[in-house]
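Please look over the structure shown below before reading on.

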Amino acid sequence: MANLEINFAGIKSPNPFWLASGPPTNSGYQIMKAFEQGWGGAVWKTLGVPVVNVSSRYGAINHRGNKVVGFNNIELITDRRLCDNLREMEEVKKYFPKHAVIASLMVQTKKEWQQIVRDAQNAGADGIELNFGCPHGMCERGMGSAVGQEPEVLETIARWVMEVATIPVIVKLTPNISDITEPAQAARRAGANAISLINTIQSLVGVDIDKFVTYPIVENHSSNGGYCGPAVKPIALNMVKNCSQHPLVQLPISGIGGIENWRDAVEFILLGASSLQVCTAVMHYGFGIIRDMTSGLEQYMDSHGFATIDQFVGKALPNVKPWEELNLKYSVKASIDEEKCIGCQLCYIACEDGAHQAIDLNEDKNNRTPRINEDNCVGCNLCSLICPVENCITMVRKDDGKQHLTWKQRTDSNNVPTTFNDELAGGLSHEVRKPMDAFKK
Amino acid sequence: MAESKNPNPMQDIERRFPQIKPLMNNSEAYYESSRCLFCYNAPCMLACPTSIDIPLFIRQINNGNLTGAAKTIYQSNYLGNTCGKVCPTEVLCEGACVFTKVNIKALEIGRLQNFATDNAITTHQKFFETPESNGKSVAVIGAGPAGISCACELRSAGYTVDIYEAKNNPSGLALHGVAPYKITNREALMEVEFLREQFGFNIFYNKRIVTKEELDALDARYDAVFLGIGLGNSAEIKIKGEEKLNCVGATEFIEQIKTCPVEKPMAKKVIVLGGGNTAMDAASESARLGAEKVIVAYRRAKSEMKAYYFEYDLAQVTGVEGLFNVAPIEIMGKNEVAGVKFIRTETVDGKLRNIPGSEFVLECGLVIKATGQLKQTSVIAKVKGIDMDEIGRISVNLETGQTGNPKYFAGGDAVNGGAEVVNATAAGKLAGKGIQEFLSKSGQ
C-alpha cells in the first residue's frame, strides 16, 4: 500500500497535496476545513502589511462548455491584520500538529522581513514561503514578481530571511522571466531550502468587446492580472523540468500550476516536484477534490509499485532531452481503426488543411472512414489528437528500431542542410501539392 | 360554486399538449452546442432534405452569434423554425449524428435550430432583401410549406407572388395536420408572418381554386403557377357503417383539435384505423385529450407499419395500445359508432388475407380513419398537360418541379403523395428556382 507522506525540505506532511497561497487559505477556518477533508498542507494567504482590494477581482477563460479552463485575478495579498492571521495559524497548528502550515510572506525592508519571519515562526509555522512571484499590483510597489525578476534582489532578500529563519524556507518563483533557472540559482546561492513554482503569469484574461475594457472590470477600467488554472500547466511543467535538470539549482521543488487531479500531480512529480500546491481547482470545486486526488495517487503508486513519493520524483527527467538529441530515424505513421471510426472526418480536414495532406477520403462516398496516405504521413500526431473516439487513430511505429541518428550526430558529420535551397531539406521526402490544385474539387 | 372562465382555444391547446421539443434556454443551448464535433462534410447536413449547414449554425450558437445561426438556417430552409420542431430528426439529421455510432446521445439539432430561429422570429430580425420587381408575377396555389417556400425563393429574385389559400390561415398541414405537441399554432403562424414581412408576398385567404374558370383566370394573369395544393380529405375505407356519427377521418379530427378545441368531451374508447404516422398522432392526441382506452388497429404486422418507430413509442407512452393483423369489416352501432367488427389477417406468400371465422367486435365511441388522404385529382385534371401517376400524384421534373405543362410547377404532398414538412419545403424552394430558370430562359 502506497505511503503518501512526504518530508519536503524538512517540512513533513501526511500527503503531498498542499493548498497554494491564495483565497482558499485566507483564514484558519478554511484551512481547518481543508485539513479535515484530507489536504496535507496549506500555504497561508501571503502575509504582510494588509492591503485594500478592488471589486471585481477575477476573470476566466471558458472553452466549449468547460468553465474556467484558465483563471486570472487582480487580488492582492492578505487584507487581514497580521495578528489575526497569526492567532488563527496557532490555532490550526494546535488541532493539526502533523499537517504542514507554511506562511507565505511579502514585505519590503530588511527589518520587516526579519520581523515577520520571526512572527510566523512564533505562531508555529512549519515553513516559510517567500512570495517573489505575484505579477500584479504588488510588483508595482517593488514586491512580488519585481523581486523574482531580479535574481540579485531575490538573493539579497532571501539572505535576510535565512539569517533569522529556524524553519525551512521556500522561495516562490515567478514565471514572468525568460530563464526560470536564474532566480532558482539565486535562491540556492542565498541558502534557501526549496523553491516553489510557478506563480501566476501576467495576463489580460479577455476583453469586454462591447464596453471596450479588459476583464475583470472595476467600474470602467481594468488592470493586468495573474493567470493560472488548467491552461497554464504545460508552462509550469516545463519550468519545473528546467529547474529540476539544472545542476546549480538542486533544491526540492514544490510544483504549482493548473494541478486539479492526481494525473496532473503525477506529471509534476515525474518532472521533479516533491510537493504539490493547488489553488484554482479548489476555487472551482471546493476542498472535496482532495479525495479523488489522494485515491488516484495511491492507485497509481500501487499499480506502479511505488511505495513512497520519493521513489518516482523526477523519474521522467532523463527522458526529456534537447531536441538535437532525438532520434531522426524513429518513424510513426497514423493508423485508423475502421471498426472504431465514426466518420466525422475531422482527421481528414485537419490533415488536409492544417498539416500534410496525408489523409484521403474514401472514393466510395458511403464509406466515411478516411484512409492514411503513408507516403505523405510525417507522423505528426495531429489526427490522433483531434479524433473524438478513444484509440481509433493510433500512431504505429514503422522503423525497425535498429537505426539511431540525431541532429547532433548529423551536424557533427556535416550531413545537415546548410544553404537555403539545400537538397537535404527534410520536406523533399514527401509530396507537396501544387498551389493551383487548391481549386480542384 | 364552480368557477367558469371564458374559453381561450389557443391557450387550451397549449396547456393540453405540452411541447415534446420545448424551447431551449441559453445555458442548455450553450452546453448542447458545445458538444458538436464540427464534422467535415457532416452527415447531419447530408441527411437534411434542405441541406442546412448544421455544424456551422451550431458553432455560431456556441460562439454567441445567434443571428448568424438563424441566417445560416434560413438560407437553406425558409421554414427553419417549423422544421426544427416537426421534422422526424431521429431519422434525419440527429439519426445521422456520428455520436450515435458510439452510443453517445446525438446532438439535439432540432431544438438548437429552434433556439436560433425562434430568437430571430421573436426579435423580428430581417435577413433577406428583396430586389426591385422584375415585372413578372407568379401565382402560388396553397399556403402550405411548399407554397410558402416557393414564394420566398421567387420574391428573393424580384418576382411578384400571390398565394391563394383555401383556408383562413397559412401553413397548411404544419398548422392543421401536425400533432399539437410538436408545434404550437402560434409558432407555425409566426414563422409565416416573419417570412411575409421579409419577402412581401401576398396571401389571399379563403380562396379555394377549384373550377376551370378560376384556374383559367390565374393562367391568364400570371407568368407561371405553382401548385402546392397538398392532399384532400381522409380517404374512405369503404366498409359498412362508415357513415355513422363519430366515425371521422384523422386529418379532419386533428384539424378540429388544432383549430376549435373547445367541443364535446372525448370518447372513452377510441379505435384508430391505420399504421402510419398520422394514425400515431391521432391516437396520441386522443389519449392526451382524455380517452381512457385508445387502440391503433393495423391490418398488417407491427413490423410493416409505416409509422416511424419513435412515433409508435410516443403513442405507447401515452397509453395507446397496438393491435396488429386485424382488418375492419364493419362499423357497428345505430346512428352513432358503438364498435368496430374486425377480422384477423395473416400474410401468406407475401399476400395479406383474412382468416375466415376470426371475426370479433371491439367496442368504442369514436373511430378515427387514418388510412391516407385523397389526391386532388379533380383540380389537377383541369389544367391541360399536367400528368399524374397511377395513384394520382402530379408528375414533375425532380430537378425543377416543372410539370408536363411548362408554365406549371408543383411540389409537396401533391407530388410526393404525403411526406414531411421538410420535404415540401425543399420541393417548394427547388420549384422556385425552376420557375426562375424557366421564366428567364423562355423570355416569357
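Is K240(B) buried or exposed?

## Basis of the model

K240(B) is exposed, its relative accessible area being 58%, where buried means under 20% relative accessible area, exposed over 50% and partly exposed in between, with a 1.4 Å probe and protein chains only. This is a predicted model, in which local features need pLDDT of at least 70 and side-chain atom pairs count only at pLDDT 80 or more, whereas totals for chains, interfaces and linings use all residues. Residues are numbered from 1 along each chain as its sequence is written, chains are lettered from A and ligands numbered from 1 in the order in which they are written, and side-chain values use heavy atoms, with hydrogens and water left out.

## Salt bridges

Over all chains, 38 salt bridges are found, each being a side-chain nitrogen of Lys or Arg within 4 Å of a carboxyl oxygen of Asp or Glu. One of them joins K240(B) to E330(B) at 3.7 Å, N to O; K240(B) sits in the loop between β4 (224–227) and β5 (247–249) of chain B and E330(B) in strand β9 (residues 326–332) of chain B, 90 residues apart. E330(B), at 18% relative accessibility, counts as buried.

In chain A, E155(A) and R189(A) form a salt bridge whose closest N and O atoms are 2.9 Å apart. Because E155(A) belongs to helix α5 (residues 151–164) and R189(A) to helix α6 (residues 181–190), the pair ties together parts that are 34 residues apart in sequence; such helices (H or I, at least four residues) and strands (E, at least two) are DSSP runs, numbered from the N terminus. E155(A) is buried at 13%, while R189(A) is partly exposed at 44%.

## An open sheet in chain A

Four strands of chain A form an open sheet with antiparallel pairing, in the order β5-β6-β14-β11, two strands being paired if DSSP finds at least two bridges between them. Strands β5 (58–63) and β11 (201–203) stand at the edges with a single partner strand each, so one side of each has no neighbour in the sheet. Between β6 (residues 66–73) and β14 (residues 225–228) there are 3 bridges, and N72(A) has Y227(A) in β14(A) as its bridge partner.

## Domains of chain A

Chain A is assigned domain 1 (6–319) and domain 2 (323–439), with bounds from an automatic or database domain assignment. The C-alpha centres of these two domains lie 40 Å apart.
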